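Please keep the sequence and the structure in view while reading.

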Amino acid sequence: MKKLIALGLLLSSLFTHSQINGEGELGAWYMYFGTNKLSEKWSLHTEAQFRYFETTDNFNQLLLRTGANYHINQDAIATLGYGFIETDGSFLNLPGETNSKEHRIFEQFILKNKVWELLFEHRYRLEQRFLEFANNTTDTQHRARYRLQVTLPLTNTFFLNFYDELFINLQDDLFGQNRLYGALGVHVTENSSVQIGYLRNQFTNAVYDRLQIGIFYNPDLSGLFKKKSKS
């Protein structure tokens, strides 16, 4: 009987915790990514993400990111970038709450290779995070990330995309989070695509399920700069 009571208390505690932090809800990330070609060697990364605790409601996070890409060759890209992140860390609507803000600098290196029809992408990223919390305190944190992404073309139009990304804290607890993702993608035009997928985002003490809808648009802007230089 004591064991049954203890088990009941444990399950009740887990249920209450999931209700408070929104762990049991299906959330959503709506995303835009762009690689804007400026020249043979340079491109501009643009990105905006709108993240919600629930599929269409309950704001969680706004992420805006940009960066300068240097294309060493077609299979190797180095990036230096900046991101702004605003976060509501509470699933509950608390009166008078203030969102935290983050200014982030990141350095990134991408390597690509192909095996059979599988397209592999290895992304290595270092981040310097300058955080501003609601109680007017600040903190500086450092983090390393590694993402292995695999893309499988199904037809000229449809493809599958998978990745697993590990976050490593460079202070305090080593494990930060792990993201496991799978999606169906559609090439809309030669330089644009859409992906609809599922993300399992695991932290030390919580796991979140997220629907993801991503729009990818990669225009070639190099012609604009050539015209300006001629004029």
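In this predicted model, the count of aromatic pairs comes to eight. One of them joins Phe33 and Phe216: the ring centres are 5.0 Å apart and the planes meet at 20°, so this pair is stacked, since planes under 30 degrees apart count as stacked. Phe33 belongs to strand β1 (residues 26-37) and Phe216 to strand β11 (residues 207-217), so the contact ties together parts that are 183 residues apart in sequence. Phe33 is buried, with a relative accessible area of 17%, whereas Phe216 has 21% and counts as partly exposed. The two fall into separate classes because buried means under 20% relative accessible area.

Phe53 and Phe91 form an aromatic pair that is edge-to-face, with 5.6 Å from centre to centre and 85° between the planes. Phe53 lies in the loop between β2 (42-52) and β3 (59-73), and Phe91 in the loop between β4 (76-87) and β5 (100-115), so this pair ties together parts that are 38 residues apart in sequence. Both Phe53 and Phe91 are buried. Elsewhere, ring pairs link Tyr30, Tyr52 and Phe59 into a cluster.

Aromatic rings also meet charged groups. The charged end of Arg65 sits over the ring of Phe106, 5.9 Å from the ring centre. Likewise, the charged end of Arg147 sits over the ring of Tyr163, at 5.2 Å from its centre.

Methods:
Residues numbered from 1 in each chain as written. Predicted model: local features only at pLDDT ≥ 70, side-chain atom pairs only at ≥ 80, totals over all residues. Heavy atoms only, no water. Phe/Tyr/Trp six-rings, centres within 6.5 Å; stacked < 30°, edge-to-face > 60°. Helix = DSSP H or I, 4+ residues; strand = E, 2+ residues; numbered from the N terminus. Buried < 20%, exposed > 50% of the residue type's maximum accessible area, 1.4 Å probe, protein only. Lys NZ or Arg CZ within 6 Å of the ring centre and 35° of its normal.
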